Number of protein chains: 2
Amino acid sequence: MVVSVIGHGRVGTHLQKALRQAGHDVVWLSGRDFTPDEVRGEVVIIAVRDDAIADVSRHIGNTTALVAHTSGSKPLSTIEQKRRGVFYPMQTFSKEREVDFKKIPLFLESYTDMPLLCQLAESISNNVRELDSENRRKLHLAAVFACNFTNHCYALASQITEEAGVDFSALLPLIDETAQKVHEMSPIEAQTGPAVRMDMSVIERHESMLSGKAKDIYHLISESIYDTLRSKEN
Amino acid sequence: MVVSVIGHGRVGTHLQKALRQAGHDVVWLSGRDFTPDEVRGEVVIIAVRDDAIADVSRHIGNTTALVAHTSGSKPLSTIEQKRRGVFYPMQTFSKEREVDFKKIPLFLESYTDMPLLCQLAESISNNVRELDSENRRKLHLAAVFACNFTNHCYALASQITEEAGVDFSALLPLIDETAQKVHEMSPIEAQTGPAVRMDMSVIERHESMLSGKAKDIYHLISESIYDTLRSKEN
């Protein structure tokens, strides 16, 4: 299939590579300075930051191709073309790291072209599903908790290990096991730590060792853990 | 070596098993109803909840053995015997899951018996280090962020995927990649998401989809991500 990918960011970079590896003929364009005549193919994928999607769609203008964006939080209607879709890969991409696209969940939406979008998606991933804009927006929010906020917990932990004179790598077996556990049990069943039993002697000592937002985060998440487990018991 | 392990909880269960597998002669006792004459061996490990360590140590009474506890947050002085130590395995244990003790970081402390404690630790783990009570307490706090709070982020994400009608397992590739990334780069370098660039259109839409403590956590962690990245830039 001939596919244009617009966007030189992390998603665009990994996506065009996966499409090429799957044997597609890929035209890879920059979101900032492409011209409409460069855009070719049956499918055009706009992989630019959320706020730029509408502008890029408008700049493409009239086309017979299916035009899709890759955003978790923007609705299908952000694309102005009639043949439109969403092609949302739920993963955290880094320039430096290879990812196995086959395992990345791809969430698709289109009223006009689901079979075509699905065919393209299944050529690069074994994990393809249909999801509407409202539920995709929820899923993107869940991904912020599971990835971005989790990573910030790692960052706060790394600041504390540094203060303790211990290398951050000492935490990696714990971080890995925490991620592995939820493959086998729900996060609510997997929950451990002082907040589970509201062990105030530990919690107060920990809070006394923190300051600023880290202290507020400790307090709030501890309360939320306790509330979550109580509400599941009742 | 003959070793007594006191405590039938998760740490005691996994520890006595690892010690047996390493060829030690293990006496495994319940923290609630052991009698001092049952306690045998060169080393006695108290693997009970933090608040019960002092009572168990007192109940053991006079002994020529080295007595050690397994707590990250309690100081060495919680043990009343003169030959005392700390044997802190930094990992999250579940009854249901096997763990590879060889990879678990073990943090040791003892003024009287470091060689003996070290010999025992190295018989079950390849990751043994010495750490004093103050820095161990910090490390335990870091572990709360990296494990307990991370898991709560998964739990909040699971509530949202449920609302979106998507199975929690769809998040597992993202959760795994988030954990894997910090093997190769620091959590601060790995940070992605709307809070990195304070993308207010996404942040406000996300907050409008949340309520209660989850909403407060979203707001506070987003601010903390932004602050953390700014302070590293300056």
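Begin by selecting the two sides of the contact between the chains (heavy atoms within 4.5 Å), to which chain A gives 91 residues and chain B gives 91 residues. This is a predicted model, in which local features need pLDDT of at least 70 and side-chain atom pairs count only at pLDDT 80 or more, while totals for chains, interfaces and linings use all residues. Residues are numbered from 1 along each chain as its sequence is written, chains are lettered from A in the order in which they are written, and side-chain values use heavy atoms, with hydrogens and water left out.

Together the two chains bury about 8,900 Å², 66% of it on carbon and sulfur atoms, where buried area is the accessible area (1.4 Å probe) lost on putting two parts together, summed over both. Show Arg97(A), Phe145(A) and Leu174(A) next, which in chain A lose the most area to chain B.

Then pick Arg97(B) and Glu184(A), which form a salt bridge with their closest N and O atoms 2.9 Å apart; the term requires a side-chain nitrogen of Lys or Arg within 4 Å of a carboxyl oxygen of Asp or Glu, and six are counted between chain A and chain B.

Now move to strand β6 of chain A, residues 106-109, strands being DSSP runs (E, at least two residues) numbered from the N terminus. Leu106(A) and Leu108(A) point one way and Phe107(A) and Glu109(A) the other, all of them buried, that is, under 20% relative accessible area (1.4 Å probe, protein chains only).

Notes. Buried means under 20% relative accessible area, exposed over 50%, partly exposed in between (1.4 Å probe, protein chains only). Helices (H or I, at least four residues) and strands (E, at least two) are DSSP runs, numbered from the N terminus.
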